[in-house]
Amino acid sequence: MSGLTQGERRELRIVGFLCNWCSYGGADTAGVARASQPTDLRIIRVPCSGRVDPLFVVKALLNGADGVLVSGCHPRDCHYGTGNFYARRRLEVLRRFLPVLGIDPKRFSYTWVSASEGQRWQTVVTRFTEEIHELGPAPRFMDAGPLEREIEQPASSPLHSLDSASLESLAALKQAIASRLPELDLVLGWQEGRDKAHLVPLFIRTPEDLDRLAIGPLAVHNLAVYLPELKGRKVGIVVKGCDGRSVVELLQEKLISREDVEIFAVACHGTFDTGRIDQALGRYQHLESVRMDGKELRITCDGRERHFSLENDSSTKCLHCKTPLSPLSDHSFGSAPSVGEGDSTPPDLARLDAMTLDERRAFWRSQMERCIRCYACRNACPLCVCRDHCISDTREPHFTTQESTAKEKFFFQIIHSLHLAGRCTGCGECQRSCPVGIPILALREHLIRVTDELFPEYRAGMTVDAAAPLLTYSVEEPHIQEREW
Amino acid sequence: MRIGVFVCHCGSNIGGTVDCAEVARIAGTFPDVVYSTDPMYTCAEPGQAAIEEAIREHSLDGVVVASCSPRMHEPTFRRTVERAGLNPYMFEMANIREHVSWIGKDIPSNTRKAAELVEMAVEKLRKDTPLTPAEFPVTRRVLVIGGGVAGIQAALDCADGGIPVVMVEREATIGGKMAKLDKTFPTVDCSACILGPKMVDVAQHPNISLYAHAEIEDVQGYVGNFTVTIRKKTTYVDWSKCTGCGTCTEKCPARHSVDAFNEGIGETSAITIAFPQAIPKKAVINRDFCRQLTKGKCGVCAKVCPTGAIRYDMEDEIVTEKVGSIIAATGYDLMDWRVYSEYGAGRYPDIITSLQYERLMNASGPTGGHIVRPSDGREPKTVVFVQCVGSRDPSVGRPYCSGFCCMYTAKQAILTKDHIPDSHSYVFYMDIRAAGKMYDEFTRRAVEEYGTEYIRGRVSQIYPDGHGQLTVMGMDTLLGRPVVLKADLVVLAVGIEAARGAKELAEKLRISYDSAGFFLESHVKLRPVETNTAGVFLAGVCQGTKDIPASVAQGSAAASKVLTLFARETLKSNPQIAKTIPGRCVGCGKCARCCPYGAIRENVANGETTVEVIETMCQGCGLCTATCPQGAIQLAHATDNQILAEVNALCQA
């Protein structure tokens, strides 16, 4: 503010979101008791901690807040009964999400203060302000320099064998679709695209269309993305394991109806990273042949044969796949490989894990500078169901500006990721469709890891009638350790 | 937009540590602010008049007041701007007193902070839209939970005002704690004689329906339209047939049942009528002691009952009632004083609670009003009263004063002398709190006329001396020396806590409660009867410790709130509720799934799902707005854009 002298200690920017009924009252009580507090905090009054969209917190942190504090009624004391139970889950997911963005999670805290707890409020404000001062001013995203250290992508071995076994089911699949086609408006599958090395979606309406059906490790598209638009029509869909989970998630979210969808599940033994193949093939004039030979893909173009193997060139999502066969199906084909035990960290995520917070910010800054804001990631995501109403495009509400900066583009990725929290099945379509190859799947994979930690009994896209973890709550949260003050 | 900003000095409350004139000057530079000033007292009549004048003079269409907490004066100023013709929701407050001037002394920091809070309020106001409340009909019936003196008063006042009352009492009789008392201070009136007629009024009032021996199972709905589920606990007696003749209680062979009404002093039969003036005067079987129900053979009461009212196969019954308002008057219980090992932790029969002592003194009590020792039936000659047992004692989690123990202890000391003229009473006390009409005079009378010996200090140990008496060791802190007394009877003034089950009831009513379980009023000073849930009011000790006249007063106050509420044919709903933006909704129903009030209805038409907010049910929490990914449901007055505007005002890096 102009013309005013500053206090001895430079104030930092701390934003508080306080529920009207308890914490705002608690702050009032502290004031009435003349309980002295640091002056850094600015309070935004909201009706309920459940009103706090985690995106408000990210917005503040990306735009210069050095710390953000959310405070609501104590669990069980919510003025609205259950608002803070939802807030607890969502804010805890947010807290654990921040590090992968390169934001120190210590800059965000949430707690509970009742209207009578003036003293507790004083303690919370004082401690939190001290902690933020210990951290110092938050580094700005747009000040992040280039990543100075090369970080190796760790090797990762798949949880099940990857090979082309799925090809064997094609005849049986075609037969099944042929027998069902008269009763269906259309069936979604894959076909050869511009050449044999590139499969594209196929909309089967006639037996002739069916002849073109292709499957196999090059059938990468998640066709579930088309289903919401086809709601109300009888649609058959050929799905890999991961695609099937998207269908289940859409059913759970009532965006499609079970009676309108017929699921043809194909056991999947892995898909190729088509971006990697294209890069290896480079520009070519003429493609002579594409042959799958066990685990090997042999592509001959312009007289040169190149070999790709699922061991080395699979999509990274396949490395930690636990659902090679759709959890829900009407017909299933092929035998699914047996899935190994344990969890493996996806390679891109493991690389981020190996970075410091500063390095992660530098990493994302440089990656986001490359983003052309084409929204292909959003359009390919089967769970991006807002379609024309995405809040990154609107002014009501006006979450992002149209300014083409790495920060705004990063904020869009955060919006997309947080909107997928507890819903994302990790199908990887966002990253596959990115024309500039930004490893954005890692953000979603990190959130999957977070929700797995917090809600281990739940996996997105496995059961139609399950309750998504952020749309429900428990009175006691066994996996959330709240901080003491 | 044309915004006016008023930066209140609040005397020196704000002006002392915030440069209000500077804040007003800075506010004048904010977008759309056309007028800013710094009045001395904005909430006072001249201050409000100045706002109205400024609205007219400067054609303001929005007002920001920077002053105290909006929890204090937001309604006040909303009315002010409304008087001047603005929509009351074209108003925002910046809290620069509780959140600024009172918590920091550094004037430059405070001034900067105040200016930023004003900036946030201005930015939010710029996105405010006029809101109009909807009107909805009211069910003009009231539920009173608890039939103690506060609940009785509230029920009678409502009923006299023409409002049908549903009273639910957990015990088999109304009357509450007051019905157990022998006499009341400071007049030493017979408690039953003053309460009894009121209890009869409840029973006979055409506007009151009473559910005794019943509890609240569930509460749904909202102000004006609550649906209450009541569990009528089984009594094993068909009350429509029971005449209260008492034959069953005389003939019942299970004579060793715990006598709850008499606080466990003495024993009673398994089928009982709590006391002679009970309302309703109906028998209840205590299933823990009834031989028919525990052993399967007896059936005496069924044989002797002249009207055939006994029904051993009776089960709980669930009834629902529709009401427009609820008064909670659930009272209190004594804390479990056995946590005090120094007082014997309940091992010695001649250490009793003051409420047990009331039953001993009461003519309708187990001893017919003769004060005798529970151990041997002997008349005590030396009685020691110990005050503050579980009051003002943070070590047992009860830091608060129970409020009325000083007075009833004085009363009990006086009555002891009346009953046993050759007795002598001692009172150990911490402080005498006798701040009521005729109260101090009354305690003086106990000392000066009745010779009660008051000893300022705590008791450290009580134990049997082996010769039939109790040794009471304590400290006289005025004389600074230890005191050792021989007592025939020790009466503990046990501290009170919220009635058992109060928290569970609060959850059902969605009202707040404090750590001791007492229900929280809406504002400590200005809204002592209201709760934060519209239409739910408080009466009596459930809200905090108070004596009989205060409980009665609050019962009447709660009734007046109900009558005020029902004076209108319709109620206005809070317009700060969620609204859907139909074109944006994809029908995923995530909002409906989370809504704590079930206020979001999903409509399916032509295979398309849309959602709709039921205006009267929405309470404005905004959980739906935070849940909807595409921003298709917005909470009016706290829209995404309004909160973002506040965030953006603060964070512009």
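Me: What is a salt bridge, and how many does a search of the whole structure find over all chains?

Reply: A salt bridge is a side-chain nitrogen of Lys or Arg within 4 Å of a carboxyl oxygen of Asp or Glu. Side chains of opposite charge can pair when their charged atoms come close. Over all chains, the search finds 74 salt bridges. Two notes on reading come next. This is a predicted model, where local features need pLDDT of at least 70 and side-chain atom pairs count only at pLDDT 80 or more, while totals for chains, interfaces and linings use all residues. Residues are numbered from 1 along each chain as its sequence is written, chains are lettered from A and ligands numbered from 1 in the order in which they are written, and side-chain values use heavy atoms, with hydrogens and water left out.

Me: Which residue forms a salt bridge with B:Glu263?

Reply: B:Lys180 does, with the closest N and O atoms 2.8 Å apart. The pair links distant parts of the chain, 83 residues apart. B:Glu263 sits in the loop between β13 (257-258) and β14 (267-268) of chain B. B:Lys180 sits in the loop between β7 (165-169) and β8 (183-184) of chain B. Helices (H or I, at least four residues) and strands (E, at least two) are DSSP runs, numbered from the N terminus.

Me: Is B:Lys180 buried or exposed?

Reply: Buried means under 20% relative accessible area, exposed over 50%, and partly exposed in between (1.4 Å probe, protein chains only). B:Lys180 has 12%, so it is buried. B:Glu263 has 23%, so it is partly exposed.

Me: Where do B:Asp440 and B:Arg444 lie?

Reply: Both are in helix α14 (residues 439-448) of chain B. They are 4 residues apart, about one turn of the helix. B:Asp440 is partly exposed at 37%, and B:Arg444 is partly exposed at 47%.

Me: What does the salt bridge of B:Glu530 and B:Lys561 tie together?

Reply: Their side chains meet at 3.1 Å, N to O. B:Glu530 lies in the loop between α15 (502-509) and β29 (536-538) of chain B, and B:Lys561 in helix α16 (residues 548-566) of chain B, so the pair ties together parts 31 residues apart in sequence. B:Glu530 is buried at 10%. B:Lys561 is partly exposed at 31%.

Me: How many residues of chain B are in contact with chain A?

Reply: Contact means heavy atoms within 4.5 Å. On that rule, 68 residues of chain B are in contact with 72 residues of chain A. The size of an interface is often given as the accessible area lost when the parts come together. Buried area is that loss (1.4 Å probe), summed over both parts. Here it is about 6,100 Å², of which carbon and sulfur atoms give 56%. B:Arg71, B:Ile103 and B:Arg112 supply 11% of the area that chain B buries against chain A, more than any other three residues.

Me: How many salt bridges does the rule find across the interface of chain B and chain A?

Reply: The rule finds 8. One of them joins B:Arg112 and A:Glu11, with the closest N and O atoms 3.5 Å apart. A network of salt bridges links A:Glu11, A:Arg13, A:Arg42, B:Arg112 and B:Glu116.

Me: Which residues have the most contacts inside the largest nonpolar core?

Reply: In soluble globular proteins, nonpolar side chains tend to be buried together. A nonpolar core is a set of buried Ala, Val, Leu, Ile, Met, Phe, Trp, Tyr and Cys residues joined through side-chain atoms within 4.5 Å. The largest has 125 residues, and A:Phe17, A:Ile414 and B:Val118 have the most contacts inside it. Helix α3 (residues 83-101) of chain A gives the most to this core, with 9 residues. Apart from it lies another core, of 85 residues, including B:Phe226 and B:Phe519.

Me: How many disulfides are there over all chains?

Reply: A disulfide is a pair of cysteine sulfur atoms within 2.5 Å. The search finds 2. A:Cys22 and A:Cys73 form one, their sulfur atoms 2.3 Å apart. The pair links distant parts of the chain, 51 residues apart. A:Cys22 is buried at 7%, and A:Cys73 is buried at 4%. B:Cys190 and B:Cys193 also form a disulfide, with sulfur atoms 2.4 Å apart. B:Cys190 is partly exposed at 26%.

Notes. Buried area = accessible area lost by both parts, 1.4 Å probe.
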